[in-house]
Amino acid sequence: MPHTIVIFGASGDLTQRKLIPALYQLHRKKRLPADTRVVGFSRTEFSHDEWRKSLEESTKKFAGKNFDAESWTTFAPKVFYHPGDIGNLEDFKTLGTFLTEIEGDGKSSRVYYLSTAPRFYGPAAEMLGAAGLADESNGPRRVVIEKPFGTDGESARQLNDVVHTVFAERQVYRIDHYLGKETVQNLLVLRFANTIFEPVWNRNYIDHVQITVAEEVTIGSRAGYYESAGIVRDMFQNHILQLLMITAMEAPVRYAADPVRDEKVKVLQAVRPMTPEMLTADTFRGQYDGYLKEKDVADNSQTATFAAMKLWIDNWRWNGVPFFLRSGKAMSCRTTQIVIQFRQPPHMLFSTGGRECQADRLVIQVQPAEGIQLHFQTKVPDQGMRIRQTDLDFRYDRDFPGTMPEAYERLLLDALEGDASLFARADEVEAAWKICDPILQHWANENQPPVYKYEQGLWGPQQSTEWMEATGREWFDACPVLS
């Protein structure tokens with residue numbers, strides 16, 4: 001069956017940086033179905049050839065050494081452009097006519113990708129319905145919706161309601177590019193395709209879990225978005241909670257969309273609701289020095305650029321195991337990592353040379369140095385029975401050189417093939433907001449905890465280190481070693 005991807009907001013940054021390069025790479029690798037077409041839709045006036053030429057230049061830039069001129073010449077004829085306005089029903093009807101022309105007779109699968117400003121998600125879905133473009137009598141119709149999906153629980157529910165008036169839930173693909181990263185998927189394999197980790201993946205052997213998403217960059221010119229979003233909406237509600245779910249979920253009965261997402265939702269449902277006392281004691285926020293001087297930032301802004309929180313998952317596997325989550329801008333380095341910190345041995349027989357014995361830990365590096373490290377105790381040669389911590393190190397760039405795909409490659413291909421395993425479901429999104437909403441409301445109403453300042457290039461506020469030490473633990477502050 002032929003496939004068509006329609007990108008709404010096609011003249012935007014995401015299309016040039018991620019979507020078209022990903023589709024081009026799939027084509028170059030001969031993984032994109034041969035009868036796939038890509039249609040751009042936005043208000044900017046382009047002819048087909050003008051848009052192809054523009055995309056050739058941007059794809060050269062963002063694909064880098066993976067750009068091949070010969071492959072582009074075979075990919076470009078698959079790309080088309082149809083000018084239109086998301087607020088104009090007639091433009092959607094003419095789009096439908098155009099799609100029928102290029103698809104020809106017979107059934108055809110379509111993916112509508114909403115790469116627009118979030119305020120247009122609902123209107124775009126309604127227009128697709130009004131123009132008859134969601135009807136599946138002539139083939140599957142799916143809609144891909146970018147984050148953020150709502151700004152709080154109520155807006156997320158309203159958006160779900162609007163989308164569901166046009167599309168059934170099975171047709172809706174809420175995308176979070178973190179789930180397309182190879183290391184995130186490898187975490188599922190690590191847990192459920194091996195017998196050595198799952199028996200100790202529980203409260204009996206694990207002391208705590210840390211999930212860190214750190215960025216070196218400041219907000220730059222994004223104050224218009226960031227002032228209303230902040231770090232919790234920008235990172236926690238989607239990316240970090242996705243990593244939490246995959247780390248903590250039970251094994252699904254099979255690897256398919258609904259069984260996987262059923263288990264993920266159970267994790268969020270088991271997160272302990274925060275009392276006002278917990279919201280003050282177990283959440284932490286900061287703001288990097290210089291944020292107030294960024295363009296379009298209010299002089300008295302309380303927007304958090306750093307946050308940390310402690311969550312508890314009240315089920316048999318994780319009862320009593322704290323999950324520490326943190327994320328920040330202007331940090332020491334760019335890294336996303338999951339740290340599984342195991343318990344200390346019940347009794348230490350050997351000398352550590354006066355140093356405190358470090359418990360074993362498993363570190364999953366999601367980006368940029370994708371891989372897995374196991375830190376464990378070994379004997380120091382020729383020093384009696386003295387021990388120290390060393391590591392086993394698996395690196396994708398070493399074992400699979402030159403093969404790491406962009407996250408959007410996997411996710412776009414899954415959307416074309418109708419596999420929703422790595423996309424969020426409606427109840428999952430709403431459950432995530434139930435965790436984040438009370439934190440945001442508490443911070444807005446109580447001004448607690450305070451907004452601590454931190455220097456750029458560090459691991460957040462010093463008070464964050466003290467906050468963690470007060471629990472008898474410490475953050476794993478380690479920048480990945482890039483090859």
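Predicted model: local features only at pLDDT ≥ 70, side-chain atom pairs only at ≥ 80, totals over all residues.
Strands are DSSP runs of E with at least two residues, numbered from the N terminus, and two of them pair if DSSP finds at least two bridges between them.

Strands of a sheet pair through backbone hydrogen bonds, either parallel or antiparallel.

| Strand pair | Sense | Bridges | Residues opposite each other |
|---|---|---|---|
| Strand 8 and strand 9 (residues 306–312) | antiparallel | 4 bridges | R285 and A307 |
| Strand 8 and strand 15 (residues 451–454) | parallel | 4 bridges | R285 and V451 |

Strand 8 (residues 283–288) is largely enclosed by the rest of the structure, because 6 of its 6 residues are buried. Buried denotes under 20% relative accessible area (1.4 Å probe, protein chains only). In a regular strand the side chains alternate between the two faces of the sheet. In strand 8, T283, R285 and Q287 point one way, while F284, G286 and Y288 point the other way.

Residues are numbered from 1 along each chain as its sequence is written. Local features need pLDDT of at least 70, side-chain atom pairs count only at pLDDT 80 or more, totals for chains, interfaces and linings use all residues, and side-chain values use heavy atoms, with hydrogens and water left out.

Conventions:
Buried < 20%, exposed > 50% of the residue type's maximum accessible area, 1.4 Å probe, protein only.
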